[in-house]
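Here is a short walk through one model. Keep the sequence and the coordinates in view as you read.

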Amino acid sequence: MSGMFNVAERGAGSYRPLAILRWVMVLIFVTFGIQKFTPQSAHGIVQYISNSPFVGWLSIFGARGEAYLLGVVELGTAALLAAGAFSSLASVFGSLMGVVTFLITWSFFFTTPGVVTWSLSTHPIAWNLTGEFLFKDIVLLCVCVVLFLASLPAPGRRRGRQEVRPAASAD
């Protein structure tokens, strides 16, 4: 099954530099994941999680528990992205997990109270430092989308079918 997907490290031309994006995302997910095991990070993410319609349910684990769970997910995403350098299927799943992660974290920009002030007067949109921190997730989301799309099979490639060649004659 994994033969129908792509891996940037085996690509050529303009496809190969995507490997740099993969390893940057691995580094980001490892550092974010490790940070979730610190009390400071566990306390810092409470405001986002408690107001999120997507991950608000994590509060049942308490502040430390929700941080630990997210840390494990982020380290798992890093592992899949790293394995994606060798396995095209891991590349697909790791980049897809990254897409989901950053869709959720970017939603905090809109669901966390006080982050954004919408106004029709002086500044149509203004955000505080928390908003600036969250806004960068658009770029990280796009990187994961690019890695995911690059992992998919080429449109002209047929799945599960191999080219049939005529048998050699025994002259």
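Helices (H or I, at least four residues) and strands (E, at least two) are DSSP runs, numbered from the N terminus. Serine 91 sits in helix H5, residues 88-111. The model is predicted: local features need pLDDT of at least 70, side-chain atom pairs count only at pLDDT 80 or more, and totals for chains, interfaces and linings use all residues. Residues are numbered from 1 along each chain as its sequence is written, and side-chain values use heavy atoms, with hydrogens and water left out.

Serine 91 is buried, at 1% relative accessible area. (Buried is under 20%, exposed over 50%, partly exposed in between, with a 1.4 Å probe and protein chains only.) Its side chain has two partners to look at. A polar contact of 2.7 Å links it to the side chain of serine 151. Another, of 3.2 Å, links the side chain of serine 91 to that of arginine 22. A polar contact is a pair of N or O atoms within 3.5 Å; within protein, one must be able to donate a hydrogen and the other to accept it, and residues adjacent in sequence count only if both atoms are side-chain atoms.

Now the cysteines. The whole structure has zero disulfides, a disulfide being a pair of cysteine sulfur atoms within 2.5 Å. For cysteine 142, the nearest cysteine sulfur is that of cysteine 144, 9.5 Å away. Cysteine 142 is partly exposed, at 42% relative accessibility. Cysteine 144 is buried, with a relative accessible area of 0%.
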